[in-house]
Amino acid sequence: MVIMANDLDDPTAIGCGSFYGAGPVRLTPVDSCGAPIYGACSAITESYTALSWEPEIDDEEPDPVRTASGKVCARPKQRCAEISYYTVNLTLCVKDPLIVNLLLPKWRPVKDGEGKLIGNFMSSELGCDTGYALETWTPASTEDVACRRGAGDAVACNNEYTLFPLVFASGHGEVTREGEGVTIQYTGRARLGSGWGRGPYNVLLGPDGLPAPLPEKIGPKDFGVSFTTTVCPPEPACECVPVERPVPDPADLDVEGVRGERPRVTACTTFDNHGFGDLVVNWGDDTPEQTVRDGQRVCHKYPADKTGEVTIQACDKQTPVICQTKKITLPLPPDEPVLDLKPDPDDTSGMGVCATVSVPPQASKGVKLEWGDGVTEEISEADLKDGQKVTRCRPYGQPGIFTVRVTRNDKPKYRVRETISVPIGQPPTVTPSVAAKVLTLTVDNHGQGLTRIDWGDGSQSDGPATDGGTVTHTYKDDGKYTVTVTSRSNPLAKTTTEVTIGSGGLTPPKA
């Protein structure tokens, strides 16, 4: 992803620095999915002589298809190189049985008669049932920058922080016994697919200026993360430091209906508890509460006759006061957002366009509005008012044809788009005439070509072939209908008129 200048609140606020030396290393046990194992022992040490990581690059090009004579028949599309994994090498200068157990989980601990951990059985297995997260801190290159005195006795640190959240043992390296001491090398392989989330530790300053976890979760294609931080690293200790389960943020609830269901009374919800385990869900009806796994997708069907607003509540099972609620409306409206584009009434140049975006109540995290000329606006849930709607207006900088898109942030597969042309021309002039159940329209599109007519009863047809021509439509039932005439070449140039079929009466056209 290329960082654009308008992505930054302040283009000059960039954390740069050079770093020298080595700080502490923290090893945290993780399960096979990369989630921290709360209550287990972590270890913090500075007793290492070397730490390195090297990527394994997969850049092999596929072979072309050749004919029997050896000529190239088809050449496969070239693909981008990618990283398969990182090889992590850590050389320790002390033998800490706890660290050995973290680096090689299959090596069972050895305890003496007093229960003290004194060593490990050297198993032939490496295993991948559990792994470890590796964090490192590297101090800034100058002492006055690395540790500056703040107010009172507070110390502000400046370090390069690096995290590999999912490392599995891949080997036990060389043990060197020399006159100057003993060193032991351990090798691991950093993989994708971590369930670390934002992590259990405060490693940077949050928006409120207080120490906080990672600003966002480790993604499915992220091997790790590296950044400059002013939050001081933990103090090294030759002891077990239990991994404490932090108070989680409320879970994310992404809701969608079942395509094709009538009425739409089934709410399919994906529960994201950010790697903190099970949730207890109350569906807002008479059914018993349900325990769901973190990341699980569950579909709940309400009675077919149930209508109105329903509140789904999901609470963290271990910390029940941490809850998230989501209000939905039954039957569920379509999952796609609705986009209504109109000329900006305050713009006289014809270049201004207003977009009214309607978002279904089951959506969360807002939507992204793309104007088609490189300008994108994020619309948050807080922006949606008056029935989940918001209107944004702006002028285009130059004439052209643009495709405006609206995409749900929680489920990008639900999106809508509309193509427009600016400047917006004069709307068609429409003259209606009613005789019994037959409506006749005289349409003048002012030299802008053909039109399209929505007759208001579910049917559509083309307008007359020439300006000033007429077109007729026969209705089946009496009643009031809203007829819309749209310029094909300029979709925002449209006119609506209300007609009454059966008892006479017309409403003047509206542009």
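**Reading the model**

A: Let us begin with a sheet, in which three strands form an open arrangement in the order E18-E19-E22, paired antiparallel. The model is a predicted one.

Q: Which strands are the edge strands of this sheet?

A: Strands of a sheet pair through backbone hydrogen bonds, either parallel or antiparallel. Here the edges are strand E18 (252–256) and E22, each of which pairs on one side only. From one strand to the next, the twist averages 25°.

Q: How many bridges join E19 to E22?

A: The antiparallel strands E19 and E22 are joined by five bridges. In one of the pairings, Cys 268 has Cys 299 in E22 as its bridge partner.

Q: What is the distance between the sulfur atoms of Cys 268 and Cys 299?

A: A disulfide is a covalent bond between the sulfur atoms of two cysteines. Cys 268 and Cys 299 form such a disulfide, with their sulfur atoms 2.1 Å apart. The torsion about the S-S bond is 110°, and the link of Cys 268 and Cys 299 is right-handed.

Q: Is Cys 268 buried or exposed?

A: The reading rests on relative accessible area: buried means under 20%, exposed means over 50%, and partly exposed lies in between. Cys 268 has a relative accessibility of 2% and therefore counts as buried.

Q: How many disulfides does the structure hold?

A: The structure holds four disulfides. One of them is formed by Cys 41 and Cys 240, whose sulfur atoms lie 1.9 Å apart. This pair links distant parts of the chain: Cys 41 is in strand E2 (residues 41–45) and Cys 240 is in strand E17 (residues 237–242), 199 residues apart.

Q: Why is the disulfide of Cys 41 and Cys 240 described as left-handed?

A: The handedness is read from the torsion about the S-S bond, which is about -90° for Cys 41 and Cys 240, so this disulfide is left-handed. As for accessibility, Cys 41 counts as partly exposed because its value is 27%. Cys 240 also counts as partly exposed, because its value is 35%.

Q: What is the torsion about the S-S bond of Cys 315 and Cys 323?

A: Cys 315 and Cys 323 form a disulfide with their sulfur atoms 2.0 Å apart. The torsion about the S-S bond of Cys 315 and Cys 323 is about 105°, so the disulfide is right-handed. Cys 315, at 12% relative accessibility, counts as buried. Cys 323 is partly exposed, with a relative accessible area of 26%.

Q: Which residue takes a positive phi in the hairpin of E7 and E8?

A: Strand E7 (residues 109–111) and strand E8 (residues 117–120) run antiparallel and are joined by three bridges. Val 110 has Gly 119 in E8 as its bridge partner. The hairpin has five residues between the strands, and Gly 115 takes a positive phi near 85°.

Q: What is the volume of the largest pocket, and which residues lie nearest its centre?

A: Rolling a probe the size of a water molecule over the atoms shows where empty space is left. The largest pocket has a volume of about 660 Å³. Its lining comprises 23 residues, and those nearest the centre are Leu 204, Leu 214, Pro 215, Val 225 and Phe 227. Strand E14 (204–205) and strand E16 (225–229) are the elements that give two or more residues to this lining. E16 gives the most, with five residues. By kind, the lining of the largest pocket divides into 10 nonpolar, eight polar and five charged residues.

Q: Which residues line the largest cavity?

A: The structure holds one cavity of 30 Å³ or more, and the largest cavity has a volume of about 30 Å³. The largest cavity is lined by Glu 135, Tyr 161, Trp 196, Arg 198, Gly 199, Pro 200, Tyr 201, Val 203 and Leu 214. Six residues of this lining are nonpolar, one is polar and two are charged.

Technical notes: Residues are numbered from 1 along each chain as its sequence is written. This is a predicted model: local features need pLDDT of at least 70, side-chain atom pairs count only at pLDDT 80 or more; totals for chains, interfaces and linings use all residues. Side-chain values use heavy atoms; hydrogens and water are left out. A disulfide is a pair of cysteine sulfur atoms within 2.5 Å. Helices (H or I, at least four residues) and strands (E, at least two) are DSSP runs, numbered from the N terminus. Buried means under 20% relative accessible area, exposed over 50%, partly exposed in between (1.4 Å probe, protein chains only). On a 1 Å grid over the protein atoms alone, a cavity is a set of points where a 1.4 Å probe fits but cannot get out, and a pocket is an open set with protein on both sides within 12 Å along at least five of seven lines; lining residues have an atom within 4 Å of a point. Grid points are joined across faces, edges and corners, and a volume is the space filled by probe spheres set on the points. Ala, Val, Leu, Ile, Met, Phe, Trp, Tyr, Cys and Pro count as nonpolar, Asp, Glu, Lys and Arg as charged, and the others, Gly among them, as polar. Two strands pair if DSSP finds at least two bridges between them. Axes are lines fitted to C-alpha atoms, for helices over the stretch in contact, and angles run from 0 to 180 degrees between N-to-C directions.
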